[in-house]
Amino acid sequence: MASHSRFIREPKTVAIVGCPFSGGQPKPGVDKGPIHLVEAGLISQFEGLGWNVKFEGHHQFEDIKTNDDPPVGILKNPKLVSRVTESIAKVVGEHVKNGELAVTLGGDHSLAMGTISGTLSTHPEACVIWVDAHADINTIESTGSGNIHGMPVSFLLGLGSKVPEFSWVKPLLKPENLVYIGLRDVDAGEKAILRDNKIKAFSMHEVDRYGIGKVVEMALDHVNPNRDRPIHLSFDVDALDPTVAPSTGTPVRGGLTFREGHFICEAIYETGLLVALDLMEVNPSLEDEASVKQTVAVGCSLLRSGLGETLL
């Protein structure tokens, strides 16, 4: 059990980056996720685990105006998504450089283009563990919807045609440094991209076959065989089964259980290598009040597991 974090400076500090942003997808409300998570007591929960907490309010991006934001091909809101993710990259990058654990609350998953860029700006050798029902690796050629929250990974890897708006995204992520857990709704185009780039992915099929403990171990063996490289964990709450976390934009049944989701976060914390953690796609406007409360509580609970909370 790692009591220390190899890349986090003492006294250990977590920097909460609230990102009330919904521009990467069409459903309103996902921008309310971060506020709900913080109001549910996240700061005192983190302090209770022995962390100093830095929280400078939610990054509202009020100064980011895109009055004229025509689609690029079918990509929707390209300027807005680009400017917001670029500003997030700077904020997260600064925290990571300072040796603080950057915890980003989304907002939609297009934000990971920014958060992971921020991590890689300090730790280009970092590996990414992407926990999600979806691969989010469509390119401008393969996307059917044009919603950028289904595309951040392709930008980070530098796949597909270049989109001038996103020229700031450096393709620093290497395919062998990325691993997926929990996939179960992957577009045909994305399956081809995963195959062609030899990207390791553990779908729900593998979770059922091997159990979550073995899957996490295999995932770490793939991207971090010597357990010496920084880890960025990007967790989409829709990785969990909708019975566990109903209040999200693109729920897919047959997902991770409550315990499986928590195990992933606990196991990553135990490595002592975590430098950044995203929790994305909590959408408090999509369900009845009880479901929203449940989803927000599960979100807080996952984050606590990622910061060292254990059952005993």
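Predicted model: local features only at pLDDT ≥ 70, side-chain atom pairs only at ≥ 80, totals over all residues.
The largest pocket holds about 330 Å³ of space. Its lining is made up of 21 residues, and those closest to the pocket centre are His134, Ser145, His149, Gly150 and Thr250. Sorted by class, the lining has 12 polar residues, eight charged residues and one nonpolar residue.

Thr143 is found in the loop that runs between strand 4 (127–131) and helix 5 (152–157). Thr143 counts as buried because its relative accessibility is 8%, and buried means under 20%. A polar atom of the Thr143 side chain lies 2.8 Å from the backbone nitrogen of Gly146. Leaving aside residues up to four places away in sequence, Thr143 touches Ile74, Leu75, Asn138 and Met151.

Ser154 is part of helix 5. With a relative accessible area of 2%, Ser154 is also under the 20% cut-off, so Ser154 is buried. The side chain of Ser154 has a polar atom 2.9 Å from the backbone oxygen of Met151. When residues up to four places away in sequence are not counted, Ser154 touches Asp136, Ile137, Asn138, Thr139 and Leu159.

The two residues can now be set side by side. Asn138 is among the residues touched by Thr143 and among those touched by Ser154. Met151 is likewise linked to both: Thr143 touches Met151, while the backbone oxygen of Met151 lies 2.9 Å from a polar atom of the Ser154 side chain.

Technical notes. Residues numbered from 1 in each chain as written. Heavy atoms only, no water. 1 Å grid on protein atoms, 1.4 Å probe; cavity = no way out; pocket = protein on both sides within 12 Å on 5 of 7 lines; lining within 4 Å. Points joined across faces, edges and corners; volume = space filled by probe spheres on them. Nonpolar A, V, L, I, M, F, W, Y, C, P; charged D, E, K, R; others polar. Helix = DSSP H or I, 4+ residues; strand = E, 2+ residues; numbered from the N terminus. Buried < 20%, exposed > 50% of the residue type's maximum accessible area, 1.4 Å probe, protein only. Polar contact = N/O pair within 3.5 Å; in protein donor to acceptor, adjacent residues only side chain to side chain. Contact = heavy atoms within 4.5 Å.
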